[in-house]
Amino acid sequence: MRPEDTLEKHLPELRSTAAGKVTLASLAQHRSGLPRLGATAEAAVFSAMLNENAYATSTTERVIADAATAPVTPEQPPTYSNLGVSLLGTALVRAAGLPDYPTLVADRITGPLGMTGTTLAGDYPELPEGAVPGFTANGLCTPRWVGTGYLPMGSSTFTTLDDLAIWAQAQLTDRAPGVDALQPTADFDDRTRIGWTWFVTPGPEGTTDTWHNGGTAGFRSMLILDRANDRAVVMMGNSDVDLDPIAASLMHNTPPPTAERPVIAQVLAALPVVLALLFGITALRRALQGIALLPAIGALLTGVFGLLLLWSSGPWAAVGGWLWGIALAPVLAAAAILAARARTLSFLPERRVWLAWLELVIGAALVGLGIALW
């Protein structure tokens, strides 16, 4: 293979397509003009918001088919493309004459270096025993992003600190297969250069950081090399909290930066709290003052949705669980009061019966959404 090879040379399914004309070099430098994801994975982004595996339906064949119809924008500035990296990895597999990407990695990298604790899981039965679970910042368990199509971009790679230490040492001593990939060959942005997928940025006091990070649902990782001083930092975390600033502070022995959250982020973090309290108080008021059971039940269901929303999206990285207890209190009180008043209330209101039924349907739909988010 050569950097100037076009993708269609190794993936003939892409002949006569825009994606087939891009070069392997442009894929490795995120300069191909391809979008971030293929159409199948892009369509499943909403499922990721519901804490589901967005890559489950993206097989290798599906990724190639998505590439065949993907738009290519040559004037696009360097843009990180998981689709591009996955296509590059698939082309490497074809050129090597091997059956799949995990076999290629084992044959060319982990096997020669003795990295026995690294697994690429294309499906759930391939998950390694003892793999730690991933979590959101709120403490909710996340799904495994298994799937064959995006394995080359790291969607379901399991490894150990021992293995990554072996790998980092091999990079620093020039023993790693393909170590020339570390050399920057193009600009990525005003401050960053890029080699074959490796980023290079200036560090403090004249140092240079060669690095790559990664993230999937519930996991973050960062590896930084200081090649001039034979130093490396490897960090892995099983939550979606960013590790980059911590890794940089360890590499350069500098204090970690103070996290200042933008105002919009603070507002978004407070929104589930406000909604849960508002819905709960509304349910309690309806239970106390209502003259019919149906609209009060609709309000109670909306209050339950507020609790589910707060459970799944609350600011638990900064606030304790007692906040959820405060939001729970009015909903529990509303349920108890409704149970006590049920025999004395008429089921339907005298006016606007349609509105009461609409509130009930909306409340039930919101509870369904809350359960999906949970």
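Glu8 counts as buried in this predicted model. Its relative accessibility is 16%, and the cut-off for buried is under 20%. Glu8 still has a charged partner: it forms a salt bridge with Lys21. The closest N and O atoms of Glu8 and Lys21 are 3.1 Å apart. The pair links distant parts of the chain, 13 residues apart. Glu8 sits in helix α1, residues 7-10. Lys21 lies in the loop between α1 and α2, and α2 covers residues 24-28.

The side chains of Glu13 and Arg94 meet with an N to O distance of 2.6 Å. Glu13 belongs to the loop between α1 and α2. Arg94 belongs to helix α6, which spans residues 82-96. Glu13 is partly exposed, at a relative accessible area of 41%. Arg94 is also partly exposed, at 37%.

The next pair joins two helices. Glu359 in helix α13 (residues 353-373) is linked to Arg286 in helix α10 (residues 263-289). Their side chains meet in a salt bridge, 3.2 Å from N to O. In the chain, Glu359 and Arg286 are 73 residues apart.

How many salt bridges does the structure hold? It holds 10. Among them are Glu8 with Lys21, Glu13 with Arg94, and Glu359 with Arg286.

How values were computed:
Residues are numbered from 1 along each chain as its sequence is written. This is a predicted model: local features need pLDDT of at least 70, side-chain atom pairs count only at pLDDT 80 or more; totals for chains, interfaces and linings use all residues. Side-chain values use heavy atoms; hydrogens and water are left out. A salt bridge is a side-chain nitrogen of Lys or Arg within 4 Å of a carboxyl oxygen of Asp or Glu. Helices (H or I, at least four residues) and strands (E, at least two) are DSSP runs, numbered from the N terminus. Buried means under 20% relative accessible area, exposed over 50%, partly exposed in between (1.4 Å probe, protein chains only).
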